[in-house]
Amino acid sequence: MTDAGIATPAAASHERIWRRFTRAQRLTRFAVYLAVVAAIVMAAQTIEVIPEFLADAPEQVVDLVSRMWPIDFAHYPDAIHAALMETIHIATLGTLLALVLALPVGVLAANNLVPSLPLNLLAKLILVSSRSVNSLVWALLFVGIFGPGALAGTLAIAFRSIGFVGKLFGEALDEAQRGPIEALTAAGAPWLSRLSFGYWPQVRPAFWSIALFRWDINVRESAVLGLVGAGGIGMVLDSALNLFQWNRVAMVLLAIFAVVIAAEIVVTQVRRRVI
């Protein structure tokens with residue numbers, strides 16, 4: 001007789017071995033890793049890195065930094081300050097215009113608020129179209145229409161921001177809790193009242209976060225729009241680069257860095273007080 005507490009060879013052969021992933025999952029992970037490695041290899045071949053230029057890069061960086069020193073601080077009052085203020089105005093007006101244009105599109109993109117598939121698809125098409133075009137490309141288009149200047153930069157910032165603001169605002173509306181909405185609906189509240197008293201109190205913190213975050217991004221993006229003639233400090237930077245005035249280039253870069261840091265501080269403080 002075999003002792004009941006001792007496993008027989010037949011029983012031991014049927015022991016189940018625990019594995020974290022199934023065979024299909026392991027094959028899938030291997031296929032993903034292989035695809036990532038293949039993509040990296042193909043990208044490296046497409047870039048065509050020249051070893052001689054790569055080896056010479058540290059020396060070129062040292063040479064460029066030496067050309068930028070000393071920084072031409074005297075150039076700031078004459079040419080940089082006005083362009084820097086124009087950059088901030090472009091970012092601010094562009095963000096405000098984007099909010100006005102993006103909020104209706106975000107409402108149309110929310111399935112629970114506007115249960116119409118054609119309107120939802122149209123709104124999402126507008127949002128995707130806005131995000132798919134870079135701000136520099138928008139700036140080139142508006143420079144061709146309105147000519148060089150701050151107007152083209154403001155419109156470029158606005159049209160670029162519609163997709164960002166509208167998408168996040170629409171997602172915030174989709175994630176709103178149904179309880180208050182159902183209560184208003186049961187009380188016979190019209191659509192606009194449900195939006196004002198049911199949805200808006202829930203998405204208001206998200207809206208202010210989106211608006212402030214987008215303004216912070218637009219301050220950075222508007223700093224380079226002048227490279228294509230859309231106004232702002234980028235035009236001063238482009239002029240200094242074309243004339244090889246590296247000490248003035250350093251002053252422009254330092255001014256842009258200071259404005260970006262100041263915008264980050266402002267956004268942080270406003271979020272703490274408003275949200």
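**Ground rules.** I am working from a predicted model, where local features need pLDDT of at least 70, side-chain atom pairs count only at pLDDT 80 or more, and totals for chains, interfaces and linings use all residues. Residues are numbered from 1 along each chain as its sequence is written, and side-chain values use heavy atoms, with hydrogens and water left out.

**Entry 1, salt bridges.** Side chains of opposite charge can pair when their charged atoms come close. I took a salt bridge to be a side-chain nitrogen of Lys or Arg within 4 Å of a carboxyl oxygen of Asp or Glu. By that rule I get four salt bridges.

I looked up its partner and found Glu221, with N to O at 3.5 Å. For burial I used relative accessible area: buried is under 20%, exposed is over 50%, and partly exposed lies in between (1.4 Å probe, protein chains only). Arg214 is buried at 4%, and Glu221 also counts as buried, at 19%.

Which side chains does Arg220 meet in a salt bridge? One is Asp216, at 3.1 Å from N to O. Both residues sit in helix α9 (residues 191-222), four residues apart, or about one turn of the helix. My helices are DSSP runs (H or I, at least four residues; strands are E, at least two), numbered from the N terminus.

The other is Glu264, with the closest N and O atoms 3.1 Å apart. Glu264 is in helix α11 (residues 246-274) and Arg220 in α9, so this pair ties together parts 44 residues apart in sequence. I noted Arg220 as partly exposed at 42%, Glu264 as partly exposed at 34%, and Asp216 as buried at 5%.

On a 1 Å grid over the protein atoms alone, I called a pocket an open set of points with protein on both sides within 12 Å along at least five of seven lines, where a cavity is a set in which a 1.4 Å probe fits but cannot get out; lining residues have an atom within 4 Å of a point. The volume of the largest pocket is about 190 Å³, counted as the space filled by probe spheres set on the points, which are joined across faces, edges and corners. It has 12 lining residues, and Thr95, Trp208, Ala211, Leu212 and Trp215 are the closest to its centre. Helices α4 (75-109), α9 and α11 each give the lining at least two residues.

I counted Ala, Val, Leu, Ile, Met, Phe, Trp, Tyr, Cys and Pro as nonpolar, Asp, Glu, Lys and Arg as charged, and the others, Gly among them, as polar. The lining of the largest pocket comes out at 10 nonpolar, two polar and no charged residues.
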